[in-house]
Protein chains: 2
Amino acid sequence: MRRSVATVCLSGSLAEKMHAAAAAGFDGIEVFEPDLVASELSPEEIRSLADRLGLTLDLYQPFRDFEGVGDDELADNMRRAEAKFAVMNRLGIDTILVCSNVGTATIDSDEVSAAQLRQLGDLAVRYGVRIAFEALAWGRHIDDYRRSWRVVQLADHASVGLCLDSFHILSRGHDPAGIEDIPGDKIFFLQLADAPALSMDVLSWSRHHRLFPGEGSFDLPAFVAHVLRAGYTGPLSLEVFNDTFRQTDVERTAVHALRSLVWLEDRARRVMGEDTPLLTDVTAPTGFDFVEVKAENTSSIEVLLGQLGFAFRGRHRSKPVSLWVAGDARIVLNEQHARDLAPHLSAVGLRVADVASAARRASELMAPPVHRRTYASEVPLQAVEAPDGTQVFFGGPTTMAWTEEFGDGADKMTGPVTAIDHVNMAQPWQYFDEAVLFYTSVLELDAHSGVEVAGPRGLVRSRVMSSPDNGVRLPLNVAPAIDESAPPAQHVALLCSDVREAVRHARGRGLQMLPVPTNYYDDLEARLGLDPSFRHELEELDVMYDRDGNGEYFNAYTRTVGQVFFELVERRTGYAGFGATNAPVRMAAQRR
Amino acid sequence: MRRSVATVCLSGSLAEKMHAAAAAGFDGIEVFEPDLVASELSPEEIRSLADRLGLTLDLYQPFRDFEGVGDDELADNMRRAEAKFAVMNRLGIDTILVCSNVGTATIDSDEVSAAQLRQLGDLAVRYGVRIAFEALAWGRHIDDYRRSWRVVQLADHASVGLCLDSFHILSRGHDPAGIEDIPGDKIFFLQLADAPALSMDVLSWSRHHRLFPGEGSFDLPAFVAHVLRAGYTGPLSLEVFNDTFRQTDVERTAVHALRSLVWLEDRARRVMGEDTPLLTDVTAPTGFDFVEVKAENTSSIEVLLGQLGFAFRGRHRSKPVSLWVAGDARIVLNEQHARDLAPHLSAVGLRVADVASAARRASELMAPPVHRRTYASEVPLQAVEAPDGTQVFFGGPTTMAWTEEFGDGADKMTGPVTAIDHVNMAQPWQYFDEAVLFYTSVLELDAHSGVEVAGPRGLVRSRVMSSPDNGVRLPLNVAPAIDESAPPAQHVALLCSDVREAVRHARGRGLQMLPVPTNYYDDLEARLGLDPSFRHELEELDVMYDRDGNGEYFNAYTRTVGQVFFELVERRTGYAGFGATNAPVRMAAQRR
């Protein structure tokens with residue numbers, strides 16, 4: 001299907017938005033009137049720029065407060081509309097979005113609104129344009145697509161049809177199944193937006209918090225399937241008002257936007273049972289292949305890994321890179337091209353069923369490929385760059401030989417650490433939603449709902465991406481904007497069969513875990529009614545503890561080196577969380 | 001009255017918060033339990049730190065989900081409470097906040113809740129502490145202070161009383177007048193928070209958007225008056241959960257917080273008709289005395305002012321400062337101590353009825369005084385620093401002689417510019433709310449409700465501060481966080497009797513106003529049904545236009561020099577706005 005984007009989704013001038021939409025690969029745009037009004041390009045210049053860029057101008061929007069008014073107001077609105085139709089002719093746009101009246105409606109009557117739209121339709125015919133009437137979720141009288149459809153039916157005019165917008169329908173909880181009863185050729189336009197589940201007035205929600213499909217909580221694949229089943233053949237078009245996307249780099253946001261639409265079309269086709277999905281099928285990764293920490297000098301991390309029970313597996317045969325292993329946990333330390341860089345998380349390797357498919361899907365979703373220099377004898381690796389710059393490598397049966405490049409030591413070491421449990425990745429605030437879409441669409445991870453943790457310098461927003469079997473868990477964090485003194489910490493959580501034993505082991509090698517205050521244990525004992533001797537054991541070892549209906553969690557932290565620290569974790573029975581109640585205490589301790 | 005602040009209002013560690021609260025001048029604090037739990041200081045150490053700082057520990061909070069539960073749960077809750085009472089004894093805190101049950105209540109009965117609180121009261125007696133029971137706005141059963149008061153009455157226990165929180169009462173729209181019927185000695189604690197008028201779920205509103213008194217839309221002076229009339233004699237205490245204040249500098253926020261409380265107590269006393277207000281009475285400033293632009297080299301501004309019709313009034317007798325005048329508009333250009341600084345707005349002089357009173361009130365509200373070097377023969381100026389660093393000077397009959405320091409030229413020049421209409425001040429996002437309180441409390445300006453304007457790189461939040469007669473208007477703007485390339489623009493709007501004439505005058509002197517695109521005029525003509533010849537006159541002059549029910553607005557902009565630009569404005573009849581619909585077009589044009 002054709003793909004379009006409303007210019008309000010993007011930052012910059014109208015010309016910048018058009019260039020970015022075309023570069024990303026959109027077929028067309030909706031011209032948001034304020035972007036036109038602020039542009040120094042004439043409508044004719046915009047039209048010819050669109051031609052040069054290969055973009056169609058699919059919709060002129062919005063036209064407000066037209067119907068449901070008295071005669072004088074109607075005459076003035078017809079005059080306003082005629083001026084806009086003339087502009088549309090200059091632009092070469094054939095469809096205008098007319099929103100249900102919010103401000104000036106005085107008459108609550110389907111018949112009156114229909115008659116007025118019919119009159120507008122007659123005028124539209126003279127300009128060769130058509131009216132796509134949309135029920136805004138906060139329309140004064142018409143706020144439901146089923147009512148806007150009744151009005152369009154009553155108007156009974158070939159140039160008057162519907163515009164459907166997923167936000168206006170799903171935010172109100174209206175059942176979209178009824179869309180299938182609307183003839184497809186009367187759906188003149190389809191606007192798509194996702195949104196997080198928020199409980200606030202729908203106008204503010206719409207104006208500030210819309211998201212690209214796949215980033216919020218609406219079931220957009222099912223929604224689009226209803227519209228397609230109705231027979232709609234126009235473009236899938238994004239209209240996302242979002243405070244962040246208004247600010248971010250326009251070219252990047254355009255790619256991000258298109259990725260959401262490609263993902264959505266693929267999902268909608270699957271909902272409809274079509275046998276021609278757009279995207280290569282993959283299943284979620286099953287586990288961590290490795291984590292890479294990069295720095296000019298990784299020796300402080302080496303010391304830490306040794307204390308945690310990792311064994312030095314070997315040095316890479318051709319690069320200043322070393323491999324450390326403990327159980328199934330592999331950590332690569334990379335000093336290549338790392339001048340002046342403090343230790344930071346640079347790459348994550350994930351085990352997938354089929355490396356070629358994973359890479360193909362990533363490419364279909366425009367994930368930027370990663371190029372690393374390889375030599376003939378080395379295993380070629382497939383990797384893409386996540387929105388925060390972390391490189392994500394796909395590992396599978398065909399690539400496992402990479403560890404042999406580090407010599408031929410044993411591939412597993414036994415010790416307290418058995419595997420990588422999760423990798424906590426700090427995200428720049430402006431790319432957080434993009435990261436959610438990246439991990440869900442490219443990797444087929446599930447996005448959990450967000451939580452907030454109070455740190456000593458502000459709230460940290462967190463959202464976990466995980467595979468269905470929890471083999472891969474990636475909590476994404478956004479640190480407060482203001483705390484520029486400390487770069488956001490990233491961490492690697494290492495699964496142990498017994499954290500207390502692992503801490504004793506590390507202590508024996510000279511590692512002091514992050515000190516946890518006594519007050520924490522006083523509160524823990526009071527809160528959970530712990531046995532005092534158990535509490536004292538935890539306290540003595542600086543091990544934190546959590547318990548929920550599913551099971552128990554033990555964890556302990558190392559100090560932070562550069563931007564990286566390590567966590568030792570133990571999960572008993574079905575505990576699936578991350579000790580969120582402990583995080584504020586950990587952050588305060590790290591700050592000391 | 002005693003003044004207290006909950007540690008959750010401030011950023012940092014518990015010890016940092018205590019130091020900041022004491023330094024600002026608070027009498028006491030509420031200990032927010034998570035701050036204690038994360039602290040490395042023992043309760044005894046916190047107690048002695050408070051002693052050393054001269055702070056009382058007024059409240060331990062919160063204790064959650066106590067009442068309305070079954071017997072097993074109650075037993076566990078009593079055990080939890082006893083542990084907390086023991087901590088309170090170690091801290092030397094005698095009152096604990098017990099919130100109405102949100103999570104675990106199974107029994108919706110005043111009698112059951114009362115009986116359970118009575119049991120808790122008996123336990124409290126043994127520890128010498130008392131229970132302040134609070135109805136949370138989102139309590140499962142008890143969500144109204146009138147119901148929590150019924151429960152406390154039924155509990156009928158000397159150690160069980162009420163905690164009142166302005167947010168929980170006013171956010172639900174509950175009438176606070178009923179507070180006067182509660183005996184003052186049963187109100188154990190009073191928590192105060194303001195909030196903006198938002199339509200969202202009350203829990204998110206409370207957790208993220210509370211403000212200090214005077215910054216939101218609640219009538220807190222009337223609220224406090226009700227509580228004081230009831231006979232409450234405990235501290236006025238702030239409990240403000242706010243995403244921004246959690247991040248800002250703790251010492252600065254503590255002063256800001258205390259300012260809000262001093263202002264509130266003063267207002268509450270006035271509501272009660274007391275003849276001993278806390279603060280010196282002032283009336284709002286009546287007009288602009290001057291605006292100062294500072295730069296290493298102000299010559300580009302001098303050229304601009306000359307083109308706009310300003311006359312060079314003279315050079316200061318002892319400093320590298322010059323004065324430019326046009327009608328009643330005075331602009332000071334200051335090159336002193338300005339190395340490497342581009343032109344920016346450094347000071348605003350405001351005309352007040354009584355300079356000494358204005359300065360005294362500012363000092364009572366802890367506004368930082370400004371020290372400028374003066375010489376014996378020069379008029380001493382009274383000034384304070386606004387939160388964004390702008391210096392605000394108080395001018396009145398006694399200080400008007402300052403212009404004589406610039407020679408003895410005519411004090412008024414006639415030309416198209418007649419006065420300063422408004423001064424638009426860019427605010428750092430983290431000090432926006434503080435600025436609102438500063439201008440309303442120190443200067444007695446009125447804060448209008450906020451608006452948002454879509455710029456090409458994100459939304460600009462704006463809130464106007466004005467005097468009742470509009471002699472002083474200060475729109476405060478917060479620019480999007482991300483656009484670091486361009487420092488936020490500030491501007492001085494100059495009132496003219498005829499903007500079109502003023503633009504022609506400026507053109508005659510070689511000034512090209514900011515070009516406004518033709519599309520803007522096409523839209524304007526369509527929107528307002530303008531006469532084409534009028535539209536063409538505006539377009540030819542790059543003059544923008546707005547009209548509302550009150551009157552008309554004409555305006556035109558200069559280019560930006562450093563961070564400053566000028567606007568020429570003309571107001572016809574009662575137009576009181578700022579041409580907000582024109583602002584996005586202006587911002588796009590400035591970016592070109």
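Trainee: Which residue takes a positive phi in the hairpin of E19(A) and E20(A)?

Mentor: A:Asn470, with a phi near 65°; that hairpin has six residues between its strands. This is a predicted model, in which local features need pLDDT of at least 70, side-chain atom pairs count only at pLDDT 80 or more, and totals for chains, interfaces and linings use all residues. Residues are numbered from 1 along each chain as its sequence is written, while chains are lettered from A and ligands numbered from 1 in the order in which they are written.

Trainee: What makes residues 473-478 of chain A a strand?

Mentor: A strand is a DSSP run of E with at least two residues, and strands are numbered from the N terminus. Residues 473-478 of chain A are strand E20.

Trainee: How do you know that E19(A) and E20(A) pair?

Mentor: Two strands pair if DSSP finds at least two bridges between them. Six bridges join E19(A) to E20(A), so they pair, and they run antiparallel. One of the bridges sets A:Arg463 against A:Leu476.

Trainee: What joins E18(B) to E19(B)?

Mentor: A hairpin, through two residues. E18(B) and E19(B) pair in the antiparallel sense over five bridges, and B:Gly455 has B:Gly458 as its bridge partner. In chain A, E18(A) and E19(A) also form a hairpin with two residues between them, and there A:Gly458 is the bridge partner of A:Gly455.

Terms used: Helices (H or I, at least four residues) and strands (E, at least two) are DSSP runs, numbered from the N terminus.
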